[in-house]
Amino acid sequence: MPSDLNRGQIVTEVCDTVGKSVSGAGVSGASLQSRVQTYFNWAQQRIARFHSFHELTTYTEGAATVSGTKRYTFTTLGLTRPKDIGSIIILDTQNSRRLVRWNRVKFEKKIPRPENFSNQRPRIYTRLGNAIELFYIPDDAYTMRIVYPQWPTPLTSDSETSDFENKDQLLVAATVLETY
C-alpha cells in the first residue's frame, strides 16, 4: 500500500509547518509550492539513502548473460531506478547458483584480467559504476534473477502518492528539513 497522503497534501502540510502560504514566493520569485514539490522528491531520496525499505525492493528474472560478455549495464539488465544490487542468482533447472559479490579492489587484486581464464558459469560479480562485471566470463546464455533496492519514483503531479508505505510523517518531516 502506498503512502496515505498524496504529493499535494504533503506540500500543503509542509507549507503550513514552515509557516508560509502555499502561494508565497521566495527571493527568486518561484512559488513556495513549486519549490516544496522539488524538495519533496529530494526528501524521498534522502530517506532512501539511509535505508532500503522492503517496499522499494524488487527483482527481475528477465536479465540474461551473453556468451563471452563480462560487463552488463543496469539498463541492459532491465533494472528500473536501481539503487544497488542485493543479489544475483544464475537460474538453471539443474544447478542454480547465487553469485558472490566482491568489492572492486578485491576483484581487481585477485582477478586483474578475467579474460585469462576459460569461459564458464559465473561465480563472482562486482559492481563497477552502474554496471556489473562477472567472473567467470559466461560461456553460455544464463537467465539471472536480480534482487535490488530501487530509488523512489519522483512524483510529478499532486495526485500521486509516494512508493513508501506508512511513512507519511517521515516524508513530511524530511520535506520540512529540505525546505529549510
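**Chat notes on a predicted model**

User: Where is Tyr136 found?

Analyst: Tyr136 sits in the loop between β7 (131–135) and β8 (143–149). Bear in mind that this is a predicted model.

User: And which form does the peptide bond from Phe135 to Tyr136 take, cis or trans?

Analyst: The bond from Phe135 to Tyr136 is cis, with omega near 0°. Most peptide bonds are trans.

User: Where is Arg81 found?

Analyst: Arg81 lies in the loop between β2 (71–73) and β3 (87–91). Its relative accessible area is 27%, so Arg81 counts as partly exposed.

User: What about the phi of Asn166?

Analyst: Phi of Asn166 is near 55°, which is positive in a residue other than glycine. Asn166 is placed in the loop between β8 and α4 (168–179).

User: Is Asn166 buried or exposed?

Analyst: Asn166 counts as exposed, because its relative accessibility is 62% and the cut-off for exposed is over 50%.

User: Let's go to the helices. How many helices and strands does the protein have?

Analyst: The protein has 4 helices and 8 strands. From the N terminus the elements run α-α-β-β-β-β-β-α-β-β-β-α.

User: Take α2. What span should its 19 residues have?

Analyst: At 1.5 Å a residue, α2 should span 27 Å, and its end C-alpha atoms are 27 Å apart, which agrees.

User: Which residues of α2 are buried?

Analyst: The buried residues of α2 include Leu32, Val36, Tyr39, Phe40, Ala43 and Ile47. Asn41 and Gln44 are also among the buried residues there.

User: What covers the buried residues of α2?

Analyst: The cover includes α1 (7–17) and α4. Leaving out residues up to four places away in sequence, Glu178 touches Tyr39, Trp42, Ala43 and Arg46.

User: Glu178 itself, buried or exposed?

Analyst: Glu178 is buried, because its relative accessible area is 18% and the cut-off for buried is under 20%.

User: Back to α2. What is Gln45 in contact with?

Analyst: Gln45 belongs to helix α2 (residues 32–50). Setting aside neighbours within four places in sequence, Gln45 contacts Trp151 and Pro152.

User: How accessible is Gln45?

Analyst: Gln45 has a relative accessible area of 35%, so it is partly exposed.

User: Now the whole thing. What is the radius of gyration?

Analyst: The protein has 21 Å, whereas a compact globule of 180 residues would have a value near 16 Å. Along its principal axes the C-alpha trace spans about 65 × 30 × 20 Å.

User: How many of the 180 residues count as buried?

Analyst: As a share, 41% of the 180 residues count as buried. The protein exposes about 9900 Å², of which carbon and sulfur atoms supply 49%.

User: What share of the contacts comes from residues 24 or more positions apart?

Analyst: Among contacts with a separation of 6 or more, residues 24 or more positions apart account for 72%.

User: Last one. How many positive and negative side chains are there?

Analyst: There are 22 positive and 18 negative side chains, and the centres of the two sets lie 11 Å apart.

Terms used:
Residues numbered from 1 in each chain as written. Predicted model: local features only at pLDDT ≥ 70, side-chain atom pairs only at ≥ 80, totals over all residues. Heavy atoms only, no water. Helix = DSSP H or I, 4+ residues; strand = E, 2+ residues; numbered from the N terminus. Buried < 20%, exposed > 50% of the residue type's maximum accessible area, 1.4 Å probe, protein only. Contact = heavy atoms within 4.5 Å. Expected span 1.5 Å × (residues − 1). Rg over C-alpha atoms; globule rule 2.2 N^0.38 Å. Areas by Shrake-Rupley, 256 points an atom, 1.4 Å probe, with all protein chains shown as cover. Lys, Arg positive; Asp, Glu negative; His and termini not counted. Charge placed at Lys NZ, Arg CZ, Asp CG, Glu CD.
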